[in-house]
Amino acid sequence: MEISDIGIDIVKIERFRKKEYNKNKKFYEKIFTKSEIKYCLSFKNNSEHFAGKFAIKEAVRKSIKEKISFNQIITDHENSRPKVILKKKLNYKFLVSVSHEKDFAIAMVIALDYN
């Protein structure tokens, strides 16, 4: 297994605060899976979590060679740590880190290619 590439993304949380979920469901459904939406909505400050998941998805897209849509990238958690699963069968594993603070969410992804 070798490092394919890395991706990093930073998102202004305000973008998601302004786009309230209940008024913009179609927008959210284009980017996030049902399980991701349910997870984010379980938090009082759900915009932070939407921004964090969006940053992860953007970082994943930057870390792999293939073009992939947001809905093909599933973010989840294992032992309170973020993880990524691809719906499309590509030969990658990912190391993921995400953080949010006040106005920003940031994610870094290292794609490991196991071809």
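**Exercise 1. Find which strands each supply at least two residues of the lining of the largest pocket, and describe that lining.**

Solution. This is a predicted model.

Step 1. Start with the strands. Strand S3 (81–86) and strand S4 (92–101) each supply at least two residues of the lining.

Step 2. S3 gives the largest share, four residues.

Step 3. Read the residues. The lining of the largest pocket consists of Lys-83, Val-84, Ile-85, Leu-86, Lys-88, Lys-89, Leu-90, Tyr-92, Lys-93, Phe-94 and Tyr-114.

Step 4. Sort them by class. Seven are nonpolar, four are charged and no residue is polar.

Step 5. The largest pocket holds about 230 Å³ of space.

**Exercise 2. Describe the lining of the second largest pocket and say which element gives the most to it.**

Solution. 

Step 1. List the lining residues. Glu-78, Arg-81, Pro-82, Lys-83, Phe-94, Leu-95, Val-96 and Ser-97 line the second largest pocket.

Step 2. Assign them to elements. S3 and S4 are the elements that give two or more residues to this lining.

Step 3. Pick the main contributor. S4 gives the most, with four residues.

Step 4. Count the classes. There are four nonpolar residues, one polar residue and three charged residues.

Step 5. About 150 Å³ of space lies in the second largest pocket.

**Exercise 3. Work out the strand order of the open sheet of three strands, and trace its pairings.**

Solution. 

Step 1. Set the order. The open sheet runs S1-S5-S4, and its pairing is antiparallel.

Step 2. Name the edges. Strand S1 (2–12) and S4 are the edge strands, and each pairs on one side only.

Step 3. Note the twist. From one strand to the next, the twist averages 10°.

Step 4. Follow the S4 side. S4 and strand S5 (residues 104–113) run antiparallel and are joined by 10 bridges. His-100 has Ala-105 in S5 as its bridge partner. Leu-95 stands opposite Ile-110 in S5.

Step 5. Follow the S1 side. S1 pairs with S5 over 10 bridges, in the antiparallel sense. Here Ile-6 stands opposite Ile-110 in S5.

Step 6. Inspect the turn. S4 and S5 form a hairpin with two residues between them. Lys-102, in that turn, has a positive phi of about 50°.

**Exercise 4. Describe how S2 and S3 pair, and examine the turn between them.**

Solution. 

Step 1. Count the bridges. S2 and S3 pair over six bridges, in the antiparallel sense.

Step 2. Take one pair. The bridge partner of Thr-75 is Val-84 in S3.

Step 3. Look at the turn. Two residues lie between S2 and S3 in this hairpin. Asn-79 in the turn has a positive phi of about 55°.

**Exercise 5. Judge the confidence of the prediction across the chain.**

Solution. 

Step 1. Take the average. The mean pLDDT of the chain is 94.

Step 2. Of the residues, 99% reach 70 or more.

Step 3. Compare the elements. Strand S2 (residues 73–78) has the lowest mean pLDDT, 93, while H4 has the highest, 97.

Definitions and conventions: Residues numbered from 1 in each chain as written. Predicted model: local features only at pLDDT ≥ 70, side-chain atom pairs only at ≥ 80, totals over all residues. Heavy atoms only, no water. 1 Å grid on protein atoms, 1.4 Å probe; cavity = no way out; pocket = protein on both sides within 12 Å on 5 of 7 lines; lining within 4 Å. Points joined across faces, edges and corners; volume = space filled by probe spheres on them. Nonpolar A, V, L, I, M, F, W, Y, C, P; charged D, E, K, R; others polar. Pairing = 2+ DSSP bridges. Axes fitted to C-alpha atoms, helices over the stretch in contact; angles between N-to-C directions. pLDDT = per-residue confidence, 0-100.
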